[in-house]
Amino acid sequence: MGTDPKDSDNWQAPEGSWASSAANRRSMVGNRNRDTKPEIALRRLVHAAGLRYRVAAKPLAKMRRTADMVFRPVQVAVFVDGCFWHGCPDHFVAPKTNPGYWEGKIGGNVQRDRDTDARLESEGWLVLRFWEHQDPAECAQEVCAAVLDRKGELARGLLRRQQP
């Protein structure tokens, strides 16, 4: 009865849906929350540099949030943020349809990102955030440098490991 998103002529948004059209809903439902092209490009370069990490893992057991890459022994959490979903100052364009919903949604994402950063940093973690449009090679260099620096600090006893 008009609930099939492929049937655009008779389509009606499900109760409480943010979708303004069947095509919009299909597009948004198809978005990945992990293993995006920018994440994979970064992971390949970091892996090629000899570093190992956890993918889509919780940096802290008590947090429900996951980082794109986690280097637990040296407490480095890496996030690759999408320009739309995280409100990139250079590329984010607010949708004209249903702007109230999207303002709250994107604003909430940004707020949650800042809260995640603060919570991790208070536990001694280094948080690295990159935008999806940044050059993966430059991001990989920054990740590698940070991880190797923290490994050196750990070896010298300057970095304290948190107990799980």
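## Overall organisation

Among contacts in the protein between residues at least 6 apart in sequence, 52% join residues at least 24 apart. The model in which these contacts occur is a predicted one, and it contains 4 helices and 4 strands, which follow one another from the N terminus in the order α-α-β-β-β-α-β-α.

Of the 164 residues of the protein, 32% count as buried.

Strand β3, covering residues 76-81, runs parallel to strand β4, covering residues 126-131, and the two are joined by 6 bridges. Within this pairing, V78 has L128 as its bridge partner in β4.

Helix α3 comprises 24 residues and spans 34 Å from its first C-alpha to its last, close to the 34 Å expected at 1.5 Å a residue. Its buried residues are W102, I106, N109, D113, T116, D117 and L120. An α-helix has 3.6 residues a turn, so residues three or four places apart point the same way. Just after α3, G124 adopts a positive phi of about 90°.

In soluble globular proteins, nonpolar side chains tend to be buried together. In this model the largest nonpolar core has 18 residues, and those with the most contacts inside it are L42, V46, F71, V78 and V143. At least two residues of this core come from each of α2 (37-48), β2 (67-71), β3, β4 and α4 (136-155), with α4 supplying the largest share, 6 residues. Apart from this core lies another, of 10 residues, which includes L60, A67, V70 and W125.

The surroundings of L42 illustrate how the largest core is put together. If neighbours within four places in sequence are left aside, L42 is in contact with M69, V78, V80, F130, P136, C139, A140 and V143. Of these partners, V78 is also the residue whose bridge partner in β4 is L128, while V143 is, like L42, among the residues with the most contacts inside the core.

## Helix α4 and C144

Helix α4 has 20 residues and reaches 28 Å from its first C-alpha to its last, close to the 28 Å expected at 1.5 Å a residue. The buried residues of this helix are C139, A140, V143, C144, A146, V147, R150 and G152, and they pack against α2, β2, β3 and β4. Just after α4, G157 takes a positive phi of about 80°.

Why does C144 count as buried? Its relative accessibility is 12%, and the residue is therefore classed as buried, since that class is defined as under 20% relative accessible area. C144 lies in helix α4, and, leaving aside neighbours within four places in sequence, it is in contact with V46, A49 and L51. The C-alpha atoms of C144 and V46 are separated by 6.6 Å, although the two residues are 98 residues apart along the chain. V46 is in turn one of the residues with the most contacts inside the largest nonpolar core.

Technical notes:
Residues numbered from 1 in each chain as written. Predicted model: local features only at pLDDT ≥ 70, side-chain atom pairs only at ≥ 80, totals over all residues. Heavy atoms only, no water. Pairing = 2+ DSSP bridges. Expected span 1.5 Å × (residues − 1). Buried < 20%, exposed > 50% of the residue type's maximum accessible area, 1.4 Å probe, protein only. Core = buried A, V, L, I, M, F, W, Y, C linked by side-chain atoms within 4.5 Å. Contact = heavy atoms within 4.5 Å.
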